[in-house]
Amino acid sequence: MSPRTHIAVLGGGISGLSTAWYLARTAPSNVSISLFEGARRTGGWLHSDRVNDPKHPGGSVLLERGPRSLRPQGVSGLNTLEMVKALSLEPEPVPKTSPAAMNRFIFSRKKMHKLPSTLMGALTHPLLATKLPRAGLDLVKGSCKGDDESIQDFVTRRFGKGFSDDLISAMVHGIYAGDVSKLSVRSTFGMLYHLEKDYGSVALGLLMGGGAVETPWDLTLKEKIVKNMPELKNFVDLTSIYSFKNGIEELSRALEKDLSTNKRVTIHKESHVDKLDFDLADRNVRISIKGHNPVNVNSVISALPSPKLQNLLSNTYPELTHNPSVTVAVVNLVYESEKAQLESPGFGYLIPRSENSVVNHQGLLGVVFDSCAVPSQDSGPSRDKVLKLTAMIGGHMFDDVVAHQHQHEQEQDQDHSGASQSSSTVATKSHSNKNLESFFKDSAINAVKKHLHIDSTPEIVKVHINRDCIPQYFVGHLQRMQALDQTLRRDYDGLLAVTGAGYLGVSVNDCIKNAREVAEDVVSKLEEEDDGEAKLVGKQEAITGLERSWFL
Ligand SMILES: C=Cc1c2[nH]c(c1C)Cc1[nH]c(c(CCC(=O)O)c1C)Cc1[nH]c(c(C)c1CCC(=O)O)Cc1[nH]c(c(C)c1C=C)C2
């Protein structure tokens, strides 16, 4: 029986791989799936490297570039765990009782402070003690008049000026590497928005047990997973975060391996998709690929960054290009543990915006204590003999930091040569990139000296600049996603759906859950024909991948 319905997935990141995987698990056998991976996935934010340890022959350390752990809690956490089990991966759990689970810090006013672990803890945090009388405002303040506002405006309106400068801006650095004055409160901290809308006060709403943001689809999914895999409950109850021996990237590798053994799935590696042409009457999409013959399919699910999708379309959708993505420089530092120890073990520390002009003019977002956060990833003699730290730099401050550094370089060059630069642009650029990496390296080492009092020289230093790695949900994001939902439905009638970190959640768990939702929805639109085979048909409620934007 030859396949009659062909679905294409664009993008080889965790969202694209998960979408293809869920399609392969749920679509009837006559449906074929093509995954166009695009640029090399290993260049991405979820990449892990294993590096030989020069001081301990035979030993190796794992260096991560981006998020290094997953949370098992909530419906999205449970959903990822179910995938982990289905792929026979072995999670390395970090128990709730470990220092990494209990101690997250914020460096402010020359001191480390423990980050609160609950929203109520945040409202009564010592860093905010002087502002507490204003926090009482939350109980009497009215709700936001519009549909959205920045995190800073929300927090200032409810709790008074200054709240967002310390605690909140630091937390926003640790998840979005973003700017509290630009990010949408509704899309990033939906719980706060809903507590205010439903109870008129964040504190009151919390006391009343409110704030959960779960769609009907989430609730059904949770019920299904808990019923089918009751054994996950124990793991969730005991585990704060988990990773894998070879890092988070094990998940993408396992998905790719599983897909490559499935006869219905074709993986087009390093395929550069140029253009998408839609024929609504024939229900066909023509995919043009650089250097290859075009491929015709019945439906496309794009898991590409949204500006990349815009480049493939004839129509213009401002919603795809409104939000920028930030660049984060990641500096992995490996010290010999005999010479370098943490005073307070934990997950790491974050730097708030308010510290920026004082100690953090170099754009430091925070530092992860890797060997404490996810122990057990280093092998052989390196285990327990290294202190691994990762500094994250830039984010929303990246361009300013780079501009500042270039200006500094030019001033130094002029001082040395007494003349302005005359080298070619290319030479200047590569020279600057090298200088930039060495600047990030020095910034990271100096920050660790200053904040953690670690003076020894690191044995391994790796700098990686993750370009455009975290999409920034600016104010009005959800409304733009709702508008996009309507226009995609109108213009493509189910021939194009979208998923990925640029739309409805940046976390790995969100990306996987949203991939599942779009894949299962597309499969549910397959209609059985007289001969018993399944075919994709156009319908009033064609799938776009953005349906849940109406429930958030
Ligand atoms: C210092 C900067 C960063 C640190 N992690 C990230 C940045 C930019 C990236 C990141 N962190 C989280 C996410 C989303 C979830 C995911 O995909 O796993 C992303 C993209 C999770 C996260 N990290 C912190 C918090 C409070 C959260 C939310 C969920 C959770 O509680 O796990 C805090 C945090 N991040 C970093 C540090 C050093 C830190 C706390 C001390 C590093």
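The legends below describe close-up views of one predicted model. Residues are numbered from 1 along each chain as its sequence is written. Local features need pLDDT of at least 70 and side-chain atom pairs count only at pLDDT 80 or more, while totals for chains, interfaces and linings use all residues.

View 1. The secondary structure comes to 21 helices and 21 strands; helices (H or I, at least four residues) and strands (E, at least two) are DSSP runs, numbered from the N terminus. Of the 552 residues in the chain, 46% are buried. A residue is buried if 20 or more other C-beta atoms lie within 10 Å of its own, exposed if 12 or fewer, and partly exposed in between, with C-beta atoms placed from the backbone. The domain assignment gives domain 1 (5–44 + 248–323 + 473–550), domain 2 (52–64 + 325–471) and domain 3 (124–207); such bounds come from an automatic or database domain assignment.

**View 2. The contact between domain 1 and domain 3.** Eight residues of domain 1 are in contact with eleven residues of domain 3. The side of domain 1 that touches domain 3 has five nonpolar, three polar and no charged residues. Contact requires C-beta atoms, placed from the backbone, within 7 Å. Ala, Val, Leu, Ile, Met, Phe, Trp, Tyr, Cys and Pro count as nonpolar, Asp, Glu, Lys and Arg as charged, and the others, Gly among them, as polar.

**View 3. The shell around the ligand.** The ligand is surrounded by 24 residues, of which G174, G348, G366, M392 and S507 are the closest. Two or more residues each are given to this shell by β6 (104–108), α8 (164–175), β15 (348–350) and β16 (364–368). By class, the shell has 17 nonpolar, five polar and two charged residues.

**View 4. The largest nonpolar core.** This core has 137 residues, and A20, I151, V300, A391 and I393 have the most contacts inside it. Strand β14 (residues 325–336) supplies the largest share, eight residues. A nonpolar core is a set of buried Ala, Val, Leu, Ile, Met, Phe, Trp, Tyr and Cys residues joined through C-beta atoms within 7 Å. Not counting residues up to four places away in sequence, A391 touches V331, L333, L364, V367, A444 and A447.

**View 5. Helix α21.** The 17 residues of α21 (residues 508–524) should span 24 Å at 1.5 Å a residue, and the end C-alpha atoms are 24 Å apart, which agrees. The expected span is 1.5 Å times one less than the number of residues. Helix α21 is largely enclosed by the rest of the structure because twelve of its 17 residues are buried. Among them are V508, N509, K513, R516 and E517. The cover over the buried residues includes β1 (5–10), α1 (14–26), α2 (74–86), α12 (216–228), β13 (299–302) and β19 (496–498).

**View 6. Two residues with positive phi.** R283, in the loop between β10 (273–279) and β11 (284–289), has a positive phi of about 50° although it is not a glycine. R283 is partly exposed, with 17 other C-beta atoms within 10 Å. S376 is found in the loop between α17 (370–373) and β17 (386–395), and its phi is near 80°. S376 counts as partly exposed because it has 15 C-beta neighbours inside 10 Å.

Terms used. A residue is near a molecule or strand if its C-beta atom, placed from the backbone, lies within 6 Å of it. Two residues are in contact if their C-beta atoms, placed from the backbone, lie within 7 Å.
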